[in-house]
Amino acid sequence: MALEQAHDPEQCKGVDAGITRVFQVLGKRWNGPILSVLLDQPTHFANLRRAIPGISERMLSDRLAELAAAGLVVREVDEGPPLRVSYRLTAAGAALEPSLKELGEWAKAHLPDRPC
């Protein structure tokens, strides 16, 4: 027979909704590095791809679209010729700078080094 346990409402407390939303965006592979590169300045697609080793064009394009839908990145078409597309952070994306830098410092202090 199973032991009956007393119900503790604190144990049923859900995860903070804000944290859930943040990690739905930032928890996806490549989003952190993309935002990190864009913190410095607006960047053309090709330069962004070169700055992030291992990311495919398709994945970069998909992640940029997701970040744009989340209101963190803006896509801008530079008049040509040649026609070039660049990306920059919105005010909301730029507001992530202190948090991203703090997370980077935390990782240096607490996570073991691993090859990328």
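**Helix packing and an aromatic pair in a predicted model**

Student: What share of the 116 residues in the protein is buried?
Tutor: This model is predicted. Buried here means under 20% relative accessible area. Of the 116 residues, the buried share is 22%.

Student: In what order do helices and strands follow along the sequence?
Tutor: The protein has six helices and three strands. Read along the sequence, their pattern is α-α-β-α-α-β-β-α-α.

Student: How are helix 2 and helix 4 oriented to each other?
Tutor: Helix 2 spans residues 31-40 and helix 4 spans residues 57-69. Their axes lie 10 Å apart, at an angle of about 75 degrees. Angles of 65 to 115 degrees count as roughly perpendicular. The two helices are therefore roughly perpendicular.

Student: How many nonpolar residues does the contact of helix 2 with helix 4 have?
Tutor: Helix 2 brings Asn 31, Ile 34 and Leu 35. Helix 4 answers with Leu 60, Arg 63, Leu 64, Glu 66 and Leu 67. By class, one residue is polar, two are charged and the nonpolar ones number five.

Student: Is the pair of Phe 45 and Tyr 87 stacked, edge-to-face or tilted?
Tutor: The structure holds one aromatic pair. The ring centres of Phe 45 and Tyr 87 are 6.5 Å apart, and their planes meet at 50 degrees. Stacked needs under 30 degrees and edge-to-face over 60. So the pair is tilted.

Student: How many residues apart in sequence are the parts that this pair ties together?
Tutor: Phe 45 and Tyr 87 are both buried. Phe 45 sits in helix 3 (residues 45-51), and Tyr 87 in strand 3 (residues 84-89). The pair therefore ties together parts whose separation in sequence is 42 residues.

Conventions. Residues numbered from 1 in each chain as written. Predicted model: local features only at pLDDT ≥ 70, side-chain atom pairs only at ≥ 80, totals over all residues. Heavy atoms only, no water. Axes fitted to C-alpha atoms, helices over the stretch in contact; angles between N-to-C directions. Helix = DSSP H or I, 4+ residues; strand = E, 2+ residues; numbered from the N terminus. Parallel < 35°, antiparallel > 145°, perpendicular 65-115°, else oblique. Contact = heavy atoms within 4.5 Å. Nonpolar A, V, L, I, M, F, W, Y, C, P; charged D, E, K, R; others polar. Phe/Tyr/Trp six-rings, centres within 6.5 Å; stacked < 30°, edge-to-face > 60°. Buried < 20%, exposed > 50% of the residue type's maximum accessible area, 1.4 Å probe, protein only.
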